[in-house]
Structure formats: structure tokens, C-alpha cells
Amino acid sequence: MIVAPALYHHLALLPRVDQADDATARAFAEDVLAVVTATDLRYLVTLPFSGIYMGESDPITVGDVTVRSLSSVEQGAIFQQRARFTSLMLDFGEVPYSALELRVSGPRTEQHLTVCDRIPALTTAFQLHGYEISGRFAIERSDPPWVRDGQGHFPSGLPRRSWPADADAEFSANDLEAIVKTAKLLERHHVSEPASAQDLALHRFAAGLARESHADGVVDFTIALEALLLPYDENARHGDLGYRFRVHGAHYLAEDPAERRDVWKQLKGIYETRSRLVHGGKYPVKGEIVKIHDLARDFARRGLLRALVEGFPTSQMFTDMALS
């Protein structure tokens, strides 16, 4: 059960069986011994994605998280795996050319459960740092792969398509380190299944990026901003929501006081456009919806990233801001 699968796997890696040498024999033996002496079982979760182009650069690793390029052989294998289950045209918006890898471990006596909480945290962290990545599913397999037959797939929750990637932009270890740090902060929240208004803000931000309709995105991003900027205040009246939305946002989202008037006007436009989309009236034209979509997305991204680092704002904090 151990030696035979390992031997078959290592022989299959060779160009030809007669090319096995002492190095490949030693690698096979060390692989087997590492597995039988380990106190746990290791797993590799791989998320193929687009939106960051690694090119010929070396893989970047921070802790148990790696970002690397996919080879053409790996890209072909992904399509072969998925073609058995669904149409490729329905499953992919674009060909993935990079991979996010997460190495985890689980008890030897139990079947490992997929790390559904960490993948959404990592992908949302990428998005909060401005990387609008796309991908359809993550793959979980044993590490090394011969330990357990088969692999599991689960949806990534990412958009089908990414925004055009800048081929000249470099993705560095510092970038990944900042993303992993943000993902660690996100792990205390339930991005996939919200359990609080703070969770909902993050959930709606991620959902807005996955929408193929700009109008749907405007609604999601505005809800995310409302959950961020309008924490429950028993002393506030419901009729003041739009006004408080603008005041709180102007204070919280403007980088300096001179920008607050412009941010006030922009938030007013976001709130009014969402109302026209949802409640009727003069329905906005497509160009206006796209403009408001991009503005609301950027405000939500900046505000939520600040909230994760500094702590989500409270109603008392906004009262103090307004009175300062």
C-alpha cells in the first residue's frame, strides 16, 4: 500500500525506466520514509488563476503559501481533468497561467477536510490589495500525490475573468507577504458565510468582483460600504442613512481633509445610483453604471483594507470624527 504506489509514481516521472540512477532511487526511498515516519498527512491545495503574470520568475513562497507560473503541461492537465465534468466554455472565462499553492496537514487517522476558510481569505486578500484575479476551482490532493488516490475540487468564488494584467508589473515576495498578512486577519471573519455585518461587508465586496453585470456590482459594493460606514447606532434615525453614509465616508475614505468634499460628492453619486437601480426612477445609462461601479469598488477595497488593519469603525468612532 505504500511502496508500490510510490514506486509507480517515481518510475512514471522518468523519461525512460532505464534512466533510473542512484539519485532517483534515493529520492524514491526518502519519499517513502518521509511518509511512513510522519506524524500527520500532508496535502497540497492548488488554485489555478489569472491576473498575476509570473513569467520566467522563480516561485515566491511566504510560509506555507506559494505563487508560481503554470507550465503548458499543467495547463493542459487542468483542462483534461475538468472536461470530464462540464463544458470547458462554461467552466473557464480565460486560461489560467499562474497558481496559488497552500500546503497543509491533517491527522493520519482522519480523512482531511478541504481548507475552505483559508482559500477565500487568501483570494479576498489578493483582491483587497488590488489584484483582481480570476479562477474557477481549487484542487486538493495528497502530498506527495501517490499517498491518496484521486483529488478533490471545490469552487474558488472568484470571477470568471480578470482585469487585463500588466505584463511589466512585478509581483514580489513583499507583495505576497502583505497579502498573507491580510489573509491572516481575514481568517477571523466568515467571508463565504457571513455571521456579522463586518463579515457581510467583506462577503459583498468579494461577490461584487465576481459579478459579470456592472449593475449587480454596484449594488454589492454599495452594500459593502454601508456595512462598513453605517454601524448600528440606536441614537441615529433611519432617515439620516444617506447623510451619515456621506459624512462617515468622507472622513474615513479621504486621505487628507482637502479631499473630503470630493469624496462626499462621489459617495452621494454612489448612493443615488444604487437607489435608482433598486427602487426605480430614472434608470442610469450604462456608462454611468460602469463609472459608479469602478468608484464604489475602489472605495470598498480601500475602506475594508483599512478596517482589517486598524479594526472596523464603530458608531462612536464616527461620532467622534464628525465632532472633531
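Predicted model: local features only at pLDDT ≥ 70, side-chain atom pairs only at ≥ 80, totals over all residues.

Modeller: Residues are numbered from 1 along each chain as its sequence is written, and side-chain values use heavy atoms, with hydrogens and water left out.

Colleague: In what order do the six strands of the open sheet run?

Modeller: Strands here are DSSP runs (E, at least two residues), and helices are runs of H or I of at least four, numbered from the N terminus. Two strands pair if DSSP finds at least two bridges between them. The pairing in this sheet is antiparallel, and the order is S2-S3-S4-S1-S5-S6.

Colleague: Which strands are the edge strands?

Modeller: An edge strand pairs on one side only. The twist averages 20 degrees from one strand to the next. The edges are S2 (60–62) and S6 (152–155).

Colleague: What angle does the direction of H5 make with that of S4?

Modeller: H5 packs on the sheet and touches S1 (40–49), S3, S4 (98–107) and S6. Contact means heavy atoms within 4.5 Å. Axes are lines fitted to C-alpha atoms, for helices over the stretch in contact, and angles run from 0 to 180 degrees between N-to-C directions. For H5 and S4 the angle is about 150 degrees.

Colleague: Which strands does H6 touch?

Modeller: H6 covers residues 173–186 and packs on the sheet. Its direction makes about 35 degrees with that of S2. The strands touched by H6 are S2 and S3.

Colleague: Is Thr66 buried or exposed?

Modeller: Thr66 is found in strand S3 (residues 65–69). Not counting residues up to four places away in sequence, Thr66 touches Pro59, Ile60, Thr61, Ala99, Leu100 and Glu101. Buried means under 20% relative accessible area, exposed over 50%, and partly exposed in between (1.4 Å probe, protein chains only). At 11%, Thr66 is therefore buried.

Colleague: Which side chain does the side chain of Thr66 join in a polar contact?

Modeller: A polar contact is a pair of N or O atoms within 3.5 Å; within protein, one must be able to donate a hydrogen and the other to accept it, and residues adjacent in sequence count only if both atoms are side-chain atoms. The contact of Thr66 spans 2.8 Å, and the partner is Thr61.

Colleague: Which side chain does His129 join in a polar contact?

Modeller: His129 is found in the loop between H5 (118–128) and S5 (137–142). At 27% relative accessibility, His129 counts as partly exposed. Leaving aside neighbours within four places in sequence, His129 is in contact with Ala178, Ile179, Thr182, Arg301 and Leu305. The polar contact is 2.7 Å, made with Thr182.

Colleague: At roughly what angle do the axes of H1 and H2 cross?

Modeller: H1 covers residues 3–12 and H2 covers residues 22–37. The contact is made by Val3, Ala6, Leu7 and His10 of H1 and Ala27, Phe28, Asp31 and Val32 of H2. The axes come within 10 Å and cross at roughly 145 degrees.

Colleague: How close do the axes of H7 and H11 come?

Modeller: H7 covers residues 197–210 and H11 covers residues 286–310. The contact is made by Ala201, Leu202, Phe205 and Leu209 of H7 and Arg297, Ala300, Arg301, Leu304 and Leu308 of H11. The axes cross at roughly 145 degrees and come within 11 Å.
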